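Dear colleague,

Please find below the structure that I am handing over to you. My notes on a strand and on a helix pair follow it.

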Amino acid sequence: VPNDTKREYDSKDKLQDGLIAPGFDEASCLSRYQSNLYRKVSPQKPSSHLLSRLRSYEDLHKKCGPHTKPYNKTLEQLKSSSNPSSTSADSSEECKYVVWISYSGLGNKILTISSAFLYALLSNRILLVDPGTDMADLFCEPFPENSWLLPNDFPLKDQFVTLDQKSPHCHGNILKKKNNTKNTSPESVTSFLYLHLVHNNDDQDKLFFCDEEQIPIEKVPWLVMRTNIYFVPSLFLMPSFEQELEKLFPEKETVFHLLGKYLFHPSNHVWRMITRYYQAYLANADERIGIQVRTFEPGPSPFPHVMNQIYACVFKEKLLPLVERKKPIVTASSGIPKLKSVLITSLTSGYSEDVRNMYWEHPTVNGDTIGVFQPSHEEHQQTDKNLHDRKAWVEMYLLSLCDMLVTSAQSTFGYVAQGLGGLKPWILYKPENRTTPDPPCGRVRSMEPCSHAPPFYDCKAKKKVDTGAILPHVRHCEDVAWGLQLV
Ligand code: GDP
């Protein structure tokens, strides 16, 4: 339990405002019941409608999850129609599924699983997650009674690597052929569809987000999706889901915050890494400031223009005090000096070394004491390596426990931290031509992640449209001009 008493923690609400279903074995997933001791009381409460839909989802998952009778029966259908032109799907089947393929970095995975889950909730499907190499190691089971992990013997599993835009089962590809022949529609083709929702998807793949396409898709029992896009904003643009989403999330910018807290509980060994680090470096501070540094430029780090950008941002926004470099401070500052802990995450160590040395070598102008810590510097992205992924998850989570956050533009790693923490970070704008941007950073208006490759299509009018200008709560993002974000 954290030893600072200055923050308000919700020690009583172990079930997190009702998000957590009763009936889990507590010891098997300590974080599920202990995270409230580390997180500030969240002003973002789940709606009663969301809570009741989560409970009915859990019932459905129990009924249809892996190795249940309906699961085995639906699987039979899949086996009998592995060739694309055979039997049509039987829409009377009681259980239908969304299968999420393990793909991309961990931040992307967390955002896309949340998107797939929301789609499953809206379309009365069951979400099954391809465990890949890391899912079972990093996360607890989110649903009581039955696993969310796709069983190893799932018949299509060997095909996952080869499923792409040109596959005969690819939804967008089927629509292309339909345009040519006029007689194929997704439901007459198969009992499974592959959805290609990756950033390089084309206009046909994106038709998945049109209401007219959802009608035939509804009949297909197995939807297999590969995605690295947080596609929640696109679901909000679909008229058929509008009413339900309004009831589920009266406050639009809480979608990932609430779904993330519901779905992603660190497994016990990850949780112990989080709490050990928190106790050692963060618990005693008056204020915790997280700085997430993610650069997408080639070359050796630290980049001087990024280092300058971090300083320009934290000083301009008064997140950290300036230092006195020339003369020693003689008069003590007014007010009580604070202990501030700065948690810096980055693949390299140069940025935090610079900040740490500055606060060690020079006094702060206001007398505050600044501790600077960086849990790891892994040098390169090594997706799907166990300890590497654990560290990435630990660091996203620790950032989410900070009081204030500075994140890097376009990074889903930072989006996860801000969303889980319910924080609105100052975002370091993307540097162009190796130059520090001016202004260096700005406060985001929403805690929601940005969707990086949304459709720009009006399904009714059948023409291109600016999807960031249709609804007041779906807007372009501050860090990605073409992206969409719930506000
Ligand atoms: P994005 O690429 O920034 O959108 O975030 P992703 O999480 O999808 O992919 C980046 C991956 O690189 C992470 O999952 C980590 O594996 C690694 N990575 C990037 N930044 C950090 C960091 O600050 N700390 C650690 N431990 N890993 C990082």
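In strand β4 (residues 222-227), Leu223 has Leu193 standing opposite. Strand β3 (residues 192-197) runs parallel to β4 and is joined to it by 6 bridges; two strands pair if DSSP finds at least two bridges between them. Strand β1 (residues 97-100) also runs parallel to β4, with 4 bridges, and here Val99 stands opposite Val224. Helices (H or I, at least four residues) and strands (E, at least two) are DSSP runs, numbered from the N terminus.

The model is a predicted one: local features need pLDDT of at least 70, side-chain atom pairs count only at pLDDT 80 or more, and totals for chains, interfaces and linings use all residues. Residues are numbered from 1 along each chain as its sequence is written.

Strand β4 is mostly covered, with 6 of its 6 residues buried (20 or more other C-beta atoms within 10 Å of the residue's own, C-beta atoms being placed from the backbone). One side carries Trp222, Val224 and Arg226, and the other Leu223, Met225 and Thr227.

Helices α13 (residues 268-282) and α16 (residues 386-400) pack at about 50 degrees, their axes 9 Å apart; axes are lines fitted to C-alpha atoms over the stretch in contact, and angles run from 0 to 180 degrees between N-to-C directions. The contact (C-beta atoms, placed from the backbone, within 7 Å) is made by residues including Met273 and Tyr277 of α13 and Trp393 and Tyr397 of α16.

Definitions and conventions. Two residues are in contact if their C-beta atoms, placed from the backbone, lie within 7 Å. A residue is buried if 20 or more other C-beta atoms lie within 10 Å of its own, exposed if 12 or fewer, and partly exposed in between; C-beta atoms are placed from the backbone.
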